[in-house]
Amino acid sequence: MHEITITSGRNMHLIDPYLTIWGWEIPVYLFLGGLVSGILFFSALFFLRGKADQYPTIVYRTPLLAPLFLALGLLALFLDLEYKLHVFRFYTAIRLESPMSWGSWTLAVIFPMSILWALMHLHRVYPQIKLPFRWLNQGIAFLNRHARLFAWILIVYASLLGMYTGILLSAFNARPFWNTAILGPLFLVSGLSTGLALNLLLAKNHQEIQLLSKIDIMAIAVELFLIIHLFMGFLASTQIHIEAAKLFLGGPYTAEFWILVVGLGLIFPGLLEFLEIRGRCIPRQIAASLILFGGLLLRFIVVEAGQYSQWFSW
Amino acid sequence: MPRYAMVVDTQRCVGCADCVVACKTENNVPDGFCRDWIVQDVTGVFPDLQMEIRSERCNHCENAPCVRSCPTGASYIEEGGIVLVDHDKCTGCKACIAACPYDARYVHPDGYVDKCTFCIHRVKEGLEPACVEVCPTQCLHFGDLADPNSEVSQLLKTRHYHTLIPEAGTEPKIFFLT
């Protein structure tokens, strides 16, 4: 046997018996960050490919929501801070070793970019809305003249945003379940998939729905591959990583992860999308909602399981 | 430049928790929190059991993951290798808490993250940390690893010791004599 007991009494708020430092705020932010990354990535991609008129929902309409989602995500991040008055401190330092510092500076770039991208396309969706101020109209006209360059930068930052949400967690060596390089690509692909799902929910023309379903099936396949890879990596690693994997292979997160995230959030909607492409009449809203639900739950479970997994067990 | 470290003689420690009380008093640690604590580590198969009693705290790691993860520079390594938190820069994002494999940090009710400081305010005056000073069995030793003649250096030369979770690569500076 090997038993470690704290005998001086220790039951610190948020720390013992296992970490609960990050509640709903962080998973909600990670979800919204991933979602916005997916929305902006595909919007910029199809814009650059000159498909704006063919796929108006992807390129113009859904990105109008991106700043709103990102603002809600930032609000969740802010609510998570214990010392809210010091929020400005994120922007008084550049810490290259800290993923959170990278993330806060990425957000400082992509949030205004998402607003500008929405304003650049506002007139196409709502021609009746006129922007106030002459300088704003001139600025947006200037950006529209350089829209291709803007879109390229947007693709880079959208990818950074999607990837960072996973890297933020995977950089924590102290939490075995987070300590895997797979989380970065997994959260990126999951973010892209939720972005596609929201587009699918809002899309109206058949051509767009078909395209979104096709790309999403690929994203789901990659996600499933990464999830399998994640567990293979853990099981081939050290004892603490094997213990972390066991949380999902018979442990407390087994049912909710495999049934709700993998089954209901990935495989089932992937199947529905496949049948829809094959011509079956299935409301696309079902698959899209399930993917969004799966993406949100994935982040809730990963954030909680990471805090639950530890080196010590007392 | 000094490299401060602590050596805990587990052969002497009886787990009385005087160090815990002294720390709470000296540093005004709020109710429900502690900067150091006592652990009983039991291994073996009955009746051949072995128990190690340890007084644990922040390991003031040479390769501190809390300092690396801090997005604002609030967590930093002070001269002498003591890991500290600058309350004025701390946002309470809790990244350092997630990064610490020893769970040695907590959120102070005032919002900033708090932890053992090796009683730096006392060390600067030439005193020992409060926990070391009060230990009735004299199992705690504090000193400078850079000085080969210091008590801690001599103890590490002459006795067997281990550190906590060395495989995490943090290079802790709390040593446990066995």
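Here are a few notes on one helix pair and on some cysteines in this structure.

1. A word on ground rules: this is a predicted model, where local features need pLDDT of at least 70, side-chain atom pairs count only at pLDDT 80 or more, and totals for chains, interfaces and linings use all residues. Residues are numbered from 1 along each chain as its sequence is written, chains are lettered from A and ligands numbered from 1 in the order written, and side-chain values use heavy atoms, leaving out hydrogens and water.

2. Start with helix α7 of chain A, residues 183-202. In α7(A), 17 of the 20 residues are buried, meaning under 20% relative accessible area with a 1.4 Å probe, protein chains only.

3. Its partner is α6(A), residues 147-170: the two pack at about 140°, with axes 7 Å apart. Residues in contact (heavy atoms within 4.5 Å) include Gly162(A) and Met163(A) on α6(A), and Phe187(A) and Leu188(A) on α7(A).

4. How many disulfides are there? Zero, over all chains; the cut-off is two cysteine sulfurs within 2.5 Å. Cys23(B) is buried at 7%, but its sulfur is 6.2 Å from the closest one, in Cys119(B), so too far for a bond. Likewise, Cys116(B) is buried at 8%, and its sulfur sits 5.6 Å from that of Cys58(B), also too far.

How values were computed: Helices (H or I, at least four residues) and strands (E, at least two) are DSSP runs, numbered from the N terminus. The expected span of a helix is 1.5 Å times one less than its number of residues. Buried means under 20% relative accessible area, exposed over 50%, partly exposed in between (1.4 Å probe, protein chains only). Axes are lines fitted to C-alpha atoms, for helices over the stretch in contact, and angles run from 0 to 180 degrees between N-to-C directions.
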